[in-house]
Amino acid sequence: MDMVTIGSITEAPGAAGAALPEAPTAVVGAAGAGDTAPPRAPAARTVDAVKVYGRGEAEVRALDGVTVDFEAGHFTAVMGPSGSGKSTLLHAVAGLDGLTSGRVFVGDTDLGTLGERRLTRLRRDRIGFVFQQFNLIPTLTALENIVLPLRLAGRRPDPVWVGEVVSRFGLDGRTGHRPPELSGGQQQRVAVARALANRPEIVLADEPTGNLDSRRGAEILSFLRQAVRELDQTVVMVTHDPVAASYADRAVFLADGRIVDELRDPTSDSVLDAMRVLGG
Ligand SMILES: Nc1ncnc2c1ncn2[C@@H]1O[C@H](COP(=O)(O)OP(=O)(O)OP(=O)(O)O)[C@@H](O)[C@H]1O
Ligand SMILES: [Mg+2]
């Protein structure tokens, strides 16, 4: 079986055709934040975030006072029922959508204090976003989509890194295709590759494995986890899948726009238990 590498890590990809394997127990390696490292400021956080859509009868409180820290160099899963505010929270953290009240910080920067240009620059330079609906540009090829954020930033793509992401995601031979010529799962992998192409400080991924079979899903999840361990990236991933959440260092649960629970070092069993309790 081929071995794949990110930085100094070498890991065998999941077995073909196997069920999505449970993530092994988290081991923070020497390259990650050591046990003795001083506490770090969160990579991003929200303070009493409220987002109201509509008015009167049609009013929806998509976020109803969310205060949450996303720790730097950690992998956080955001879970919760459909309509609980997961995408709204991710969009707010990325500065894609303003809040009704409350604040969002990326590092020390209060997004509410930024004008549109500085916000765009911060998003471009520091954040990689995987949209639930992919948001690929249909007239560009897969590769052009992947390197688009870099091009927009006037930066030259690192061909070794981009090549590694492309082949790790099984997109070799598909880079010249346009999104309408790709399967849903391939489009999703292009969307994830695009978010990782410039090695952003923070990756915000909205159900990045929702359209993938278990093997492809496992490849993307272990890639994200390695990015956290080896490249010290911060990943926040929305998922409905307890097995996907088990790749994270922490799972936070939303219901009706509020954080209602949190698990450290989640396993698929502990996530399922929490979902049962919250659902009941
Ligand atoms: N643009 C909008 N206008 C009005 N209501 C909206 C808008 N976007 C989201 N909502 C509402 O806000 C609530 C939260 O939506 P959100 O997309 O954040 O949910 P979610 O947890 O991501 O759900 P899913 O798991 O289905 O993706 C929902 O009730 C939704 O209908
Ligand atoms: Mg959503």
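Which residues of H5 are buried? The buried residues of H5 are Gln-186, Gln-187, Gln-188, Arg-189, Val-190, Ala-191, Val-192, Ala-193, Arg-194, Ala-195 and Leu-196. A residue counts as buried if 20 or more other C-beta atoms, placed from the backbone, lie within 10 Å of its own. The model is predicted: local features need pLDDT of at least 70 and side-chain atom pairs count only at pLDDT 80 or more, while totals for chains, interfaces and linings use all residues. Residues are numbered from 1 along each chain as its sequence is written, and chains are lettered from A and ligands numbered from 1 in the order in which they are written.

The protein has eight helices and 12 strands. These are DSSP runs numbered from the N terminus, helices being H or I with at least four residues and strands being E with at least two. Of its 280 residues, 42% count as buried.

Helix H5 covers residues 184-196. Its first and last C-alpha atoms are 19 Å apart, close to the expected 18 Å, which is 1.5 Å times one less than its number of residues. Because 11 of its 13 residues are buried, H5 is largely enclosed by the rest of the structure. Those buried residues pack against strand E8 (127-130), helix H3 (142-152), helix H4 (159-168), strand E9 (202-206) and helix H6 (214-231); contact here means C-beta atoms, placed from the backbone, within 7 Å.

E8 and E9 also belong to an open sheet of six strands, ordered E8-E9-E10-E5-E11-E12, with mixed pairing. Two strands pair if DSSP finds at least two bridges between them. E8 and strand E12 (258-264) stand at the edges with a single partner strand each, so one side of each has no neighbour in the sheet. From one strand to the next, the twist averages 15 degrees. Within the sheet, strand E5 (residues 75-79) runs parallel to strand E10 (residues 234-238), joined by four bridges; Ala-77 has Met-237 as its bridge partner in E10.

Helix H8 (residues 268-279) lies across E11 and E12, at about 155 degrees to E12. Axes are lines fitted to C-alpha atoms, for helices over the stretch in contact, and angles run from 0 to 180 degrees between N-to-C directions.

H1 (86-93) also contributes to the shell around ligand 1, as does strand E4 (60-70), each with at least two residues. The largest share, three residues, comes from H1. Of the 13 residues around the ligand, Tyr-53, Ala-62, Ser-82, Ser-87 and Thr-88 come nearest, where near means a C-beta atom, placed from the backbone, within 6 Å.

How values were computed:
Buried ≥ 20, exposed ≤ 12 C-beta atoms within 10 Å, placed from the backbone. Contact = placed C-beta atoms within 7 Å.
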